[in-house]
Amino acid sequence: MLWCVLCFVALADAKVTSGMLRLSTKEPFAILDRFAYAIGDGEFTASLFHPKGSPYSGPGHLLLVLDEDWDAFTRETSCAQKINLARAPLEVTGEPLSSVVRQSIRAHVWYAVFINCRVAEGEGSRRRLAFRATFTNPNGNHFGADEEGLLVTYYLVMSGLFLFDAFYLARFLKLRAVLGGTHPALWILTAACLALTAACVLECCHLLMFSRNGTGLPACDLMAEILTWLFQLILSFLLMFLGWGWTITQTKAVVSNVVFYHLDIWLLILMVAMLQISLVLIGRFFADTHDKFHDHESWPGFALVGISFGQLLIFISGIRSTKTSAHSNINRRIFMARLATCGTIWFCSLPLIVLLAALCPPYYRHRVVSLGTLLTNVLGVTLLAKQFVTRGEYFRLSTLSKNLLPGAKTI
């Protein structure tokens, strides 16, 4: 019943965007926004206002520029020629303007642009304007073609995470009772599970509200992104710790806890966490850059990809060191080889997803990055949980099994 209600509520208003336009003699045009229209008849409506709120009646034109013409539009120096490159330019009259976007072959990204040729000629026309624009895809689909399926996917993943968290909690409590306490590795994994679940819930709230009012909940979206990076940071450091033999090469569980009392390690974790969160926040300033189709097409995004490579190098160095020290234990060496494979896939997943997105058409890139990252995160935490809270290979080799209370036979 709840699922039906959520799906019904999702069919509401269209994407709505608003803001200020600033023109100059060198750039007599400004981009309102871009939108990926799917096959069929979409709709675009817009209104322009003076900064104090009264309707703007001209001069100027509202243009819809196809992605295939966008490069030529930006290179063109003549204002009149720019207008000719647009599909059905709309002259600003002070009334709300609307246009039907019809396409039959494939999805396209369309750029909504306001242009005023009098500004290019140096005349004293209005150079700052407010706007409000609404984009609607065919058949009441209010998300862009690059966001199609995100809401349903997040619903499914959120439902799956709730079931997974219930299973994990039951195993966690049972393992805690058997061990007579909670191993530090379990606390770390628990924090990762909570961060991922909270991020998914917040993103669902944002997407659901976006489907209703066209703007969403930006604060929820931002918190979801920060929590996602926090989750990835926790999982990455956990893999790096395991790669360097934490809980695996020690013979007593108490020795494995010493890493958590090293101030330099905590400072390193804090510095990397602050750096990643700072890059996420800085990346928000590039959200309205209209030649970027996902969060990693800006220098903060590339920096985050670079951090993944740096963590991979630390992880591989730890794996080599641990395998050398465990040369006499064949089971440990086999486990470390498997851990190296899984860890390398984890650390390379983000760069590979970004590379795959770059090879896709623009209207697919956001969806590829969003869904690829989400599914990778879920797969990563699921595989680690399987090793931590069941009698998996890691459990048998690590200090988790050495903490078993006398007489404990099953978990």
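Reader: How many aromatic pairs does the count come to?

Author: The structure is a predicted model. In it, the count comes to 15 aromatic pairs.

Reader: What describes a pair of aromatic rings?

Author: Two values do: the distance of the centres and the angle of the planes. Take Y37 and F135. Their ring centres are 6.5 Å apart and their planes meet at 55°, so this pair is tilted. Planes have to be under 30 degrees apart to count as stacked, and over 60 to count as edge-to-face.

Reader: Where do Y37 and F135 lie?

Author: Y37 belongs to strand 2 (residues 29–37) and F135 to strand 8 (residues 128–136), so the pair ties together parts that are 98 residues apart in sequence.

Reader: Are Y37 and F135 buried or exposed?

Author: Both Y37 and F135 are buried.

Reader: And the rings of W70 and Y111: stacked or tilted?

Author: Stacked. The centres of W70 and Y111 are 4.0 Å apart and the planes are at 10°, so the pair falls in that class. This pair also links distant parts of the chain. W70 sits in helix 2 (residues 67–75), and Y111, 41 residues away, in strand 7 (residues 108–115).

Reader: How do I read the accessibility of W70 and of Y111?

Author: Use the cut-off: buried means under 20% relative accessible area. W70 has 10%, so W70 is buried. Y111 has 4%, so Y111 is buried too.

Reader: Which residues do ring pairs link into a cluster with W70 and Y111?

Author: F29 and F73 join W70 and Y111 in that cluster. F73 has a further contact. K82 lies over its face, at 4.6 Å from the ring centre.

Reader: Now the sheet. How do strands of a sheet pair?

Author: They pair through backbone hydrogen bonds, either parallel or antiparallel. Here, 4 strands form an open sheet in the order 2-7-4-5. The pairing is antiparallel. Strand 2 and strand 5 (90–91) are the edge strands, each pairing on one side only.

Reader: Over how many bridges do strand 4 and strand 7 pair?

Author: Over 6 bridges, in the antiparallel sense, with strand 4 spanning residues 61–66. V65 stands opposite Y111 of strand 7. Recall that Y111 also stacks with W70.

Reader: What does strand 6 pair with?

Author: Strand 6 pairs with strand 3 (residues 40–49) over 7 bridges, again in the antiparallel sense. D41 has R102, in strand 6, as its bridge partner.

Reader: Which residues of strand 6 are on the covered face, and which on the uncovered one?

Author: L97, S99, V101 and Q103 make up the covered face. S98, V100 and R102 make up the uncovered one. Strand 6 covers residues 97–103, with V100 among them. The cut-off for exposed is over 50%. V100 has 52% relative accessibility, so V100 counts as exposed.

Reader: Where is P55 placed?

Author: P55 is in the loop between strand 3 and strand 4. Its relative accessible area is 48%, so P55 is partly exposed. From the C-alpha atom of P55 to that of G94 is 5.4 Å; along the chain, P55 and G94 are 39 residues apart.

Reader: Which helix gives the most to the lining of the largest cavity?

Author: Helix 11 does, with 5 residues. Helix 7 (218–243), helix 10 (299–325), helix 11 (330–359) and helix 12 (362–389) each supply at least two. By type, the lining of the largest cavity has 6 nonpolar, 9 polar and no charged residues.

Reader: What is the volume of the second largest pocket?

Author: About 470 Å³. The second largest pocket is lined by 20 residues, and C342, G343, G380, L383 and L384 are the closest to its centre. Helix 12 gives the most to this pocket's lining, with 8 residues. Among the helices that supply at least two is helix 13 (393–397). The lining of the second largest pocket divides into 13 nonpolar, 4 polar and 3 charged residues.

Technical notes
Residues numbered from 1 in each chain as written. Predicted model: local features only at pLDDT ≥ 70, side-chain atom pairs only at ≥ 80, totals over all residues. Heavy atoms only, no water. Phe/Tyr/Trp six-rings, centres within 6.5 Å; stacked < 30°, edge-to-face > 60°. Buried < 20%, exposed > 50% of the residue type's maximum accessible area, 1.4 Å probe, protein only. Lys NZ or Arg CZ within 6 Å of the ring centre and 35° of its normal. Nonpolar A, V, L, I, M, F, W, Y, C, P; charged D, E, K, R; others polar. Pairing = 2+ DSSP bridges. 1 Å grid on protein atoms, 1.4 Å probe; cavity = no way out; pocket = protein on both sides within 12 Å on 5 of 7 lines; lining within 4 Å. Points joined across faces, edges and corners; volume = space filled by probe spheres on them.
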